[in-house]
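Visitor: Hello! Could you walk me through this protein, one question at a time?
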Amino acid sequence: MKQLEIAVGIIRNPQQEIFITQRAAGSHMAGFWEFPGGKIEAGETPEQALVRELSEETGIVPTVIQPLESVAHTFSDRQITLHVFLVEAWQGEPYGREGQPMRWVKQQALRAEEFPPANAGIIARLTA
C-alpha cells in the first residue's frame with residue numbers, strides 16, 4: 001500500500017477566516033476542498049515541504065509556522081499522514097496559483113463533508 005507524508009497549512013487571517021482550495025479534476029479526491037499543502041519530498045522536513053508547497057500552490061511565503069498535529073488516515077489504496085501547521089503570518093496574498101478555485105471561509109463555517117475524510121478531525125477541532 002502506498003504511504004504518503006503530506007504537509008498541510010491552515011492559513012488563517014485576523015478575521016478568523018481559513019484559506020481553502022479545490023482539488024483538481026483527475027487528482028485523488030477531486031472536487032473536494034482542501035487546506036493547501038502537498039507531499040513531503042525525500043530529504044525535506046514537514047516545515048520545508050510546507051513552505052515549498054504554499055509558495056507553489058498559493059504564492060505566499062509563511063513567516064510563522066506553528067505545528068498543530070499529525071493525522072493518519074487509510075484509504076483503500078493508500079495510507080497518508082497529514083502534518084498540519086497553523087499559518088497566521090505570511091508574505092504575499094494567497095490565491096489559486098495553479099488556477100484552482102479558492103475561497104476564504106469563516107473558521108466556524110468549515111464543513112467536514114466538503115473535504116476529504118482525512119480532514120474530519122482537523123475540522124472538528126477548528127470548529128469546536
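Here is a short tour, from the whole chain down to a single residue.

Visitor: In what order do the elements of the protein chain run from the N terminus on?
Guide: Good place to start, and do keep in mind that this model is predicted. The protein chain has two helices and seven strands. From the N terminus on, the order is β-β-β-β-α-β-β-β-α.

Visitor: What is the radius of gyration of the protein chain?
Guide: For 128 residues, the globule rule gives 14 Å. The value for this chain is close to that, so the chain is as compact as a globular protein of that length. Its radius of gyration is 14 Å.

Visitor: Is Gln100 buried or exposed?
Guide: Let's find it: Gln100 sits in the loop between β6 (78-91) and β7 (102-106). A residue is called buried when its relative accessible area is under 20%. The relative accessibility of Gln100 is 11%, so Gln100 counts as buried.

Visitor: Which backbone atom lies 2.8 Å from a polar atom of the side chain of Gln100?
Guide: The side chain of Gln100 has polar partners in the backbone. One of them is the backbone oxygen of Glu57, with a distance of 3.2 Å to a polar side-chain atom of Gln100. The atom at 2.8 Å is the backbone nitrogen of Glu98.

Visitor: Which residues does Gln100 touch, not counting residues up to four places away in sequence?
Guide: Touching here means having heavy atoms within 4.5 Å. With residues up to four places away in sequence set aside, the residues that Gln100 touches are Thr21, Gln22 and Glu57.

Notes. Residues numbered from 1 in each chain as written. Predicted model: local features only at pLDDT ≥ 70, side-chain atom pairs only at ≥ 80, totals over all residues. Heavy atoms only, no water. Helix = DSSP H or I, 4+ residues; strand = E, 2+ residues; numbered from the N terminus. Rg over C-alpha atoms; globule rule 2.2 N^0.38 Å. Buried < 20%, exposed > 50% of the residue type's maximum accessible area, 1.4 Å probe, protein only. Polar contact = N/O pair within 3.5 Å; in protein donor to acceptor, adjacent residues only side chain to side chain.
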